[in-house]
Amino acid sequence: MELRVTESTEDELSIEIAGEDHTFMNVLKGALLEHDDVSAATYDVNPEQSGGQTEPILTIKTEGGADPLECLEEAAVTVREKANSFRDAFEAAA
């Protein structure tokens, strides 16, 4: 997975996440929206309207002085924990 920051301010981050599709992006966006300091999280995959963009760009907006990069890191940890929990439950059921 390749990451490239396309825009970064004190309360907003846009990051291109190469090689991912709607499945991963929706899960990550959902984890971000569960974070108390994230006011908005969205992604765009629309090459026709964005000048040839083919990789998803995730945009995070925060409030209360929260660092959007730290919120992204926390959301990634949440996704990993949920995936591990699902795997463990699946293996126990098999």
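Glu-34 is exposed, with a relative accessible area of 51%, where exposed means over 50%, buried under 20% and partly exposed in between, using a 1.4 Å probe and protein chains only. The exercises below concern a predicted model, in which local features need pLDDT of at least 70, side-chain atom pairs count only at pLDDT 80 or more, and totals for chains, interfaces and linings use all residues. Residues are numbered from 1 along each chain as its sequence is written, and side-chain values use heavy atoms, with hydrogens and water left out.

**Exercise 1. Find the salt-bridge partner of Glu-34 and state which parts of the chain the pair ties together.**

Step 1. The criterion is a side-chain nitrogen of Lys or Arg within 4 Å of a carboxyl oxygen of Asp or Glu. Glu-34 meets it with Lys-82, the closest N and O atoms being 3.2 Å apart.

Step 2. Because Glu-34 lies in the loop between helix 1 and strand 3 while Lys-82 lies in helix 2, the pair ties together parts that are 48 residues apart in sequence; helices (H or I, at least four residues) and strands (E, at least two) are DSSP runs numbered from the N terminus.

Step 3. Lys-82 is partly exposed, at a relative accessible area of 47%.

**Exercise 2. Describe the salt bridge between Glu-16 and Arg-4, and say whether each residue is buried, partly exposed or exposed.**

Step 1. The closest N and O atoms of Glu-16 and Arg-4 are 3.3 Å apart, and the pair links distant parts of the chain, with Glu-16 in strand 2 and Arg-4 in strand 1, 12 residues apart.

Step 2. Glu-16 has 16% relative accessibility and therefore counts as buried, whereas Arg-4, at 45%, counts as partly exposed.

**Exercise 3. Work out the strand order of the sheet and identify its edge strands.**

Step 1. The sheet is open, has 4 strands in the order 1-2-4-3, and its pairing is antiparallel; two strands pair if DSSP finds at least two bridges between them.

Step 2. Strand 1 (2-8) and strand 3 (38-44) are the edge strands, since each pairs on one side only.

Step 3. Strand 2 (residues 12-18) and strand 4 (residues 57-62) pair in the antiparallel sense over 5 bridges, and Leu-13 has Ile-60 in strand 4 as its bridge partner.
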